[in-house]
Every structure is written in C-alpha cells, then in structure tokens.
Amino acid sequence: AGWEAANQPDTFQVPPISDEARRETGPELDLQDILNSLRSLMGRTAGIERDGTEMAESLEQLRFWCSYVLRREFNQQEGWELSNLLTISSLMLGSAKVREESRGTHFRRDFPKRDDFHWRKRVTCKPGGNICADA
C-alpha cells in the first residue's frame, strides 16, 4: 500500500506560499532605514551594559516595527532578513529584560549584583512569548 504514492505522476510544482489573511499592503517600507535603526537600537540597549527602563522602551519600539514589517509578505531577501532580525532582537531583548541581575560581562545598571539563587538558570522563550507574535 505504501508504494501506491510512488506510482502517481508528479508535476514537481510547488504551490505559492501566501497568507492573504495577514498580508498587508500599503506604502513601501524603507527596509534599509529600519535595519539601520534596529542596529542602532540594539547597540544602545542590548549591549554589555543594560538598563531595564531602556530595554522596556526599546521593546516598545520593536513592537512598533514588528507591527509594520511582520504583516508583510516580501519577495526579496532583505525583507525576510529584516523580519528574522526583528524576531531575534525581540527575543534577545525580552530575555535580557527578564533577567534581573548582572552576569558575566552583561551588566544591568538597575541590578548590579549577580543573583545565583534566582538566576542560575536559562531563560527560555516559549511559543507565543515572542513580542512580535501578536503583531
């Protein structure tokens, strides 16, 4: 019975991938401008020295960019890369904000001490926890 599928003709055509329900149209986005702004934001707030208030403000900015970028369907590599970078950036910054301690070379100005009792563990990002997921 398992061999029946092998005997069926195949056209080797891949159907287009599209999510028309989520696809947003509108003015073209300046992907390079958003990418440059993202790099700057992450350099300022997700670097070695961090602060919870700044990270919270940056997460709001990421939510704003995600609301425009992740609803789009891109036909070019730059769009896909920006979507991925926004997702990864939100996971990194969200995880850094949750960890309320300083550890290794990552220093929290608002939590300058290492706290092994509460934080000697990994921070896990679960499906649905990504700030861009609801965008």
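1. In this predicted model, helices α2 and α3 are roughly antiparallel to each other, because an angle over 145 degrees counts as such and theirs is about 155°. Helix α2 covers residues 52–69 and helix α3 residues 77–98, and their axes lie 10 Å apart. The crossing of α2 past α3 is left-handed.

2. The contact between these two helices draws on residues along both. From α2 come Gly 52, Met 55, Ala 56, Ser 58, Leu 59, Leu 62, Trp 65, Cys 66 and Val 69. These meet Leu 82, Ser 83, Leu 86, Ser 89, Ser 90, Leu 93, Gly 94, Ala 96 and Lys 97 of α3. Sorted by class, the contact of α2 with α3 comprises 11 nonpolar, 6 polar and 1 charged residues.

3. Helix α1, residues 31–45, also packs against α3, at an angle of about 20° and with 11 Å between the axes. That angle makes α1 roughly parallel to α3. Here too the crossing is left-handed. On the α1 side the contact is made by Leu 31, Ile 34, Leu 35, Leu 38, Met 42 and Thr 45. On the α3 side it is made by Glu 78, Gly 79, Leu 82, Leu 85, Leu 86, Ser 89, Met 92 and Leu 93. The residues of the contact of α1 with α3 comprise 10 nonpolar, 3 polar and 1 charged.

4. Helix α1 contributes Ile 34, Ser 37, Leu 38, Leu 41, Arg 44 and Thr 45, while α2 contributes Glu 54, Met 55, Ser 58, Gln 61, Leu 62, Trp 65 and Val 69. By class, the contact of α1 with α2 has 7 nonpolar, 4 polar and 2 charged residues.

5. Gly 52 belongs to helix α2 and is buried, with a relative accessible area of 9%. Apart from its neighbours within four places in sequence, Gly 52 is in contact with Lys 97, Arg 108 and Asp 110. Its C-alpha atom is separated by 9.5 Å from that of Arg 99, a residue 47 positions away along the chain.

6. A search of the whole structure gives 1 aromatic pair. The rings of Phe 64 and Tyr 68 have centres 5.1 Å apart and planes at 65°, so the pair is edge-to-face. Both residues lie in helix α2, 4 residues apart, about one turn of the helix. Phe 64 is partly exposed at 46% relative accessibility, and Tyr 68 is partly exposed at 39%.

7. For the chain overall, there are 4 helices and 2 strands, in the order α-β-α-α-β-α along the sequence. Of its 135 residues, 30% are buried. Among contacts with a separation of 6 or more, 67% are between residues 24 or more positions apart.

Key:
Residues are numbered from 1 along each chain as its sequence is written. This is a predicted model: local features need pLDDT of at least 70, side-chain atom pairs count only at pLDDT 80 or more; totals for chains, interfaces and linings use all residues. Side-chain values use heavy atoms; hydrogens and water are left out. Axes are lines fitted to C-alpha atoms, for helices over the stretch in contact, and angles run from 0 to 180 degrees between N-to-C directions. Angles under 35 degrees count as roughly parallel, over 145 as roughly antiparallel, 65 to 115 as roughly perpendicular and the rest as oblique. A crossing is left-handed if the near helix is turned anticlockwise from the far one by less than a right angle, and right-handed if clockwise. Contact means heavy atoms within 4.5 Å. Ala, Val, Leu, Ile, Met, Phe, Trp, Tyr, Cys and Pro count as nonpolar, Asp, Glu, Lys and Arg as charged, and the others, Gly among them, as polar. Rings of Phe, Tyr and Trp (its six-membered ring) pair if their centres lie within 6.5 Å; planes under 30 degrees apart count as stacked, over 60 as edge-to-face and the rest as tilted. Buried means under 20% relative accessible area, exposed over 50%, partly exposed in between (1.4 Å probe, protein chains only).
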